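Here are a few friendly notes to read alongside the structure. Take the points one at a time and find each place as you go.

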Amino acid sequence: MHIVILVIATLLIIAWLVLLCRVNREDWVQAAYVKVFDNLAVIDKLRVRDNQIEERLSGYSGFALFIVRFVSGSDSSKKIQKLERDIEGLRKGELRSVSVFAMPGYVLQREFDAIGKGELHKTILSKCFELYGNKHAANKTRHLFARILSFPVIGVSITMMLGVIFLGMDSTSVGMGIIGIGTLLVLVLVYAMYDEVSDQVRKRRNSIIRQFPNVVSKLALLVTSGMIMDRAWKETAYSQETELYQEMRKTSKELDNLVSPESAYSNFINRCNTKESAKLASAIMQNLSKGNAEIGSLLKDMAREAWQERRHTAKRDAEKANSRLMIPTMLLFLAILVMLMVPVAMNFSGI
């Protein structure tokens, strides 16, 4: 039995190594591009965090400032410098920081159209388009799909090798347990990579929906006060840093670069992918030639409906939270009941 498992594990490792040897320069460049993009995203998050800490510290002085600074932690300058050095090296062709474990997946996508252009690839691509935009979606999709394809091969083979070692020591139950549980964990890890993207998209859409009432209220206020739509859109876009405002900022930049309003707002709809953003952008496109009078009243109505929907959503979320809390509440009630009844039962038994 262990000979068969050893042969399968060996064949998997050989297949993985053969695919690794077939990685070409384009695959390495794409992997390095994704690494640079991820490093830049981390740098942006660290800088936003440092700015938030500095704003928080500006309200303190003396000993309170020392305490708050100690609790908040040091700035991220060293981490940012390290990431910037890594980015500079990648741009010069130094690929030490690029993981080789995902590279065979690039080869599978390139050489087999059923894999590289299949339904799963299209599904991941649509999700990455929402998360990263049209410019980076393809590369992020290829990298994620490469990991999903490559990690099971090397993970299952290593798990089988470890299991064979214990099988050779006459620990059959331990060896089979390692093979079974290890293979299951590898598959769960691979599914978690895919599910993480879906979870990020779901959270992003929910965040956009929550931000929508504030956005449309600001637009209605600015437009009804006499500001033209393009200017009101830009003022609103640069007022905050959350997801919907960032997407509005991208649309504003497209408009500044002489992209047609229809294309710019259509891209906004595709990136946000919510019915609220689609309704807003469609209303703006339909009223581009009608001036501020009609769009202003339309935005007011839209804001009122958005706040009403926000209140209904809050009520539904509260009801869901209450239903989820029912089981812990019942368990707590049973625990208290046991704590009260046990002393009573012990007293009766003593009598």
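1. Start with helix α2 (residues 25–57) and helix α4 (residues 77–91), which pack with their axes 10 Å apart at an angle of about 160°. An angle over 145 degrees counts as roughly antiparallel, so α2 is roughly antiparallel to α4. Please keep in mind that this is a predicted model.

2. Next, look at how these two helices touch. The crossing of α2 past α4 is left-handed. On the α2 side the contact includes Ala32, Val36, Leu40 and Arg47, and among the α4 residues they meet are Ile80, Leu83, Glu84 and Arg91. Sorted by class, the contact of α2 with α4 has 10 nonpolar, 7 charged and 2 polar residues.

3. Now turn to helix α1 (residues 2–21) and helix α7 (residues 119–168). Their axes cross at roughly 150° and come within 9 Å. These two helices are therefore roughly antiparallel to each other, and α1 passes α7 in a left-handed crossing.

4. Which residues of α1 meet α7? Among them are His2, Ile5, Leu12 and Trp16, while the α7 side includes Ser150, Val153, Met160 and Leu167. The contact of α1 with α7 is made of 14 nonpolar and 4 polar residues, with no charged ones.

5. Finally, find lysine 122 in helix α7. Is lysine 122 buried, partly exposed or exposed? Its relative accessibility is 47%, so lysine 122 counts as partly exposed. From lysine 122 to threonine 141 the C-alpha to C-alpha distance is 8.8 Å, and the two are 19 residues apart in sequence.

Methods: Residues numbered from 1 in each chain as written. Predicted model: local features only at pLDDT ≥ 70, side-chain atom pairs only at ≥ 80, totals over all residues. Heavy atoms only, no water. Axes fitted to C-alpha atoms, helices over the stretch in contact; angles between N-to-C directions. Helix = DSSP H or I, 4+ residues; strand = E, 2+ residues; numbered from the N terminus. Parallel < 35°, antiparallel > 145°, perpendicular 65-115°, else oblique. Left-handed = near helix turned anticlockwise from the far one by under 90°. Contact = heavy atoms within 4.5 Å. Nonpolar A, V, L, I, M, F, W, Y, C, P; charged D, E, K, R; others polar. Buried < 20%, exposed > 50% of the residue type's maximum accessible area, 1.4 Å probe, protein only.
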